[in-house]
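Please study the structure shown below, then work through each task and its solution.

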Amino acid sequence: MTTADAAAPESRSFEADVAKLLHLMVHSVYSDKDVFLRELVSNAADACEKLRYEAIASPALLGDDPQPRITLALDPDNRRLTVEDNGIGMSLADMVEALGTIARSGTKAFMERIEASKSGDGAQLIGQFGVGFYSVFMVADKVDVVSRRAGTEEAAIWSSDGKGSYTVGHVDLAEAPARGTRVVLHLMEDAKAYAERATLERIVKAQSGHVPVPISILDKPGAEPAEIADGAALWTKPKSEISEDDYADFYRSVAGQFDKPALTLHYRAEGRHEYSVLAFVPGSKPFDLFDPDRHGRMKLYVKRVFITDEAELLPRYLRFVRGLVDSADLPLNVSREMIQESAILGAIKKGVTHRVLSELDKLASNDADSYATIWETFGPVLKEGLYEDFERRETLLGLARFKTTAAGGGWRSLKDYVEALKQNQTAIYYVTGSDLERLAASPQLEGFRARGIEVLLLPDQVDSFWVTAGIDYQGKPFKSVTQGATDLQLIPLAEGETAPSPQASEAVTAFIAFVKQTLGDEVSDVRASDRLTESAVCLVAPDHGMDRQLEKLLAGAGRIPSAAKPVLEINPGHDLVVRLAALGEDEAAFREDAARLLLDEAQILDGERPIDAKAFSGRLGRLIARGLKPSA
């Protein structure tokens with residue numbers, strides 16, 4: 001194509017979300033603008049890796065230029081920085097898709113996080129959301145992207161000032177790379193330092209020194225390129241030659257985060273299958289940790305050739321782990337469609353999963369505080385494995401940590417719990433909900449607390465599922481304190497503690513029967529409680545019913561028509577109950593109000609609203625009026 005044949009560039013507007021994102025990024029996101037270079041280098045390295053993969057099937061794509069490279073060209077006199085690669089390149093359609101829009105799955109979440117974050121937090125978010133290219137507009141008032149896809153005879157150009165629109169069109173082949181992409185940044189006045197060698201070398205060594213593609217720099221137009229990063233694969237080097245900073249740098253490049261890894265795994269497996277692993281447990285929570293798709297972020301290489309980042313190399317409950325596996329056994333021409341059916345890949349997944357869990361267990365034993373930090377961040381995800389991974393359930397139960405009524409705000413293991421079992425205690429007790437403080441204050445815990453029985457406080461949604469999967473630990477089943485009758489009478493009270501007798505007086509028994517008759521089918525039963533010591537009432541699930549928190553979750557998700565009617569338990573020794581039971585027949589109307597108010601109180605204590613707010617208000621008003629003395 002000649003210059004004359006190239007059509008005039010077409011002007012287009014960014015999508016509304018992109019325009020808003022650009023404004024947020026330029027004006028409020030970053031305190032450290034160096035991040036833009038890491039993003040451009042990362043994109044360039046990915047393009048080289050993609051070409052290397054496609055060239056396995058089509059070697060002609062490499063032509064007479066088989067070695068991948070990234071070049072940083074500086075033009076300080078004209079305030080220009082160029083980042084060029086000889087990777088796969090883009091067609092005009094690719095440019096529109098990649099640079100004119102943002103992946104729908106990440107845009108909204110990204111902007112919500114940016115708007116909620118402090119200014120300095122932005123650099124930790126950018127790489128996680130796949131929108132890193134737009135960070136160039138923090139330092140450039142115009143950006144030109146010229147690209148030619150490998151194996152084609154067309155080149156395209158994309159240009160924008162980042163203020164709402166861009167132009168895109170074809171360009172003369174003479175003005176484009178032989179293949180790959182050239183990104184030209186026209187730097188702002190206050191960003192001219194990014195056209196200086198010292199600045200660029202510092203950033204590359206700090207952030208991108210271990211990308212698997214060599215990086216060279218040209219001081220000025222016409223200068224000879226000088227290599228500043230050799231592109232050697234970090235995972236192929238002996239651990240003795242790799243510093244902690246090297247690992248942290250590589251972690252940031254593969255994880256898209258600016259924190260430090262909480263745990264690093266680097267090893268080579270030998271034997272039936274040979275592969276290298278370099279993986280990291282992040283130091284902070286990735287934004288997509290609870291994405292419904294729950295895809296992992298481990299890359300698969302074969303003999304240093306990038307194959308895919310969509311292979312399931314770890315179970316989904318370890319999806320927070322970042323890094324790569326480089327197999328020496330898989331064929332280089334393995335297709336992305338076939339790898340999931342590969343027996344070799346299945347063996348690798350099993351081996352890597354075992355090693356990750358083993359390293360977590362080792363950390364838990366040797367450095368409890370560091371492990372507690374990891375559990376605090378990723379515990380809700382690891383607990384998914386208790387429900388999903390029967391084969392490794394015992395290992396995961398050993399790794400699990402819990403807040404409990406006896407932990408004093410710290411974390412307890414199940415081993416700790418079982419070692420503290422009380423006389424005649426045959427179960428591991430728990431309570432589920434959505435708020436740790438509310439759980440700790442649950443009235444259903446009172447009888448357990450009086451006997452010194454430790455109860456697990458489970459505030460995560462997944463807790464309501466794994467505890468119902470028929471799990472036990474060292475022969476002890478898990479039992480909800482809000483489900484069915486208790487066996488507390490078999491466990492002695494703690495020294496100095498007292499508890500009301502569950503045997504109700506004749507008057508209280510009659511009152512309980514009256515409450516049951518009054519409430520009718522609003523509850524499944526009304527009975528005297530042996531789990532309450534301080535509160536008058538509480539709600540529990542029927543003896544053979546589903547745990548109440550699980551019922552709420554399933555009903556809210558439309559998985560069951562509605563939650564079952566609860567059991568209202570009444571503390572027979574509570575002063576309020578005793579006094580209500582003593583009311584005469586002439587107080588029938590008030591007794592009915594009181595019966596319904598007891599249910600309302602139990603629902604509020606359980607984190608619910610009264611069934612009928614207007615009726616509750618009326619009953620409460622009549623109660624207040626009854627207690628007020630007539631004015632003189």
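**Exercise 1.** Determine how the axes of helix 18 and helix 19 cross in this predicted model.

*Solution.* Step 1: helix 18 spans residues 588–605 and helix 19 spans residues 613–627. Step 2: their axes come within 10 Å and cross at roughly 120 degrees. Step 3: angles of 65 to 115 degrees count as roughly perpendicular and those over 145 as roughly antiparallel, so helix 18 is oblique to helix 19. Step 4: the crossing of the two helices is left-handed.

**Exercise 2.** Identify which residues make the contact between helix 18 and helix 19.

*Solution.* Step 1: helix 18 contributes F590, D593, R596, L597, D600 and I604. Step 2: helix 19 contributes F616, R619, L620, R622, L623 and R626. Step 3: R626 and F590 also have a defined arrangement, as the charged end of R626 sits over the ring of F590, 4.0 Å from its centre.

**Exercise 3.** Find where the charged end of K403 sits.

*Solution.* The charged end of K403 sits over the ring of W411, at 4.4 Å from the ring centre.

**Exercise 4.** Classify the aromatic pair formed by W158 and Y166, and decide whether each residue is buried or exposed.

*Solution.* Step 1: a search of the whole structure finds 14 aromatic pairs. Step 2: one of them joins W158 and Y166, with 5.7 Å centre to centre and 25 degrees between the planes. Step 3: planes under 30 degrees apart count as stacked, so this pair is stacked. Step 4: buried means under 20% relative accessible area; W158, at 0%, is therefore buried, and Y166, at 4%, is therefore buried.

Note on methods: Residues numbered from 1 in each chain as written. Predicted model: local features only at pLDDT ≥ 70, side-chain atom pairs only at ≥ 80, totals over all residues. Heavy atoms only, no water. Phe/Tyr/Trp six-rings, centres within 6.5 Å; stacked < 30°, edge-to-face > 60°. Buried < 20%, exposed > 50% of the residue type's maximum accessible area, 1.4 Å probe, protein only. Lys NZ or Arg CZ within 6 Å of the ring centre and 35° of its normal. Axes fitted to C-alpha atoms, helices over the stretch in contact; angles between N-to-C directions. Helix = DSSP H or I, 4+ residues; strand = E, 2+ residues; numbered from the N terminus. Parallel < 35°, antiparallel > 145°, perpendicular 65-115°, else oblique. Left-handed = near helix turned anticlockwise from the far one by under 90°. Contact = heavy atoms within 4.5 Å.
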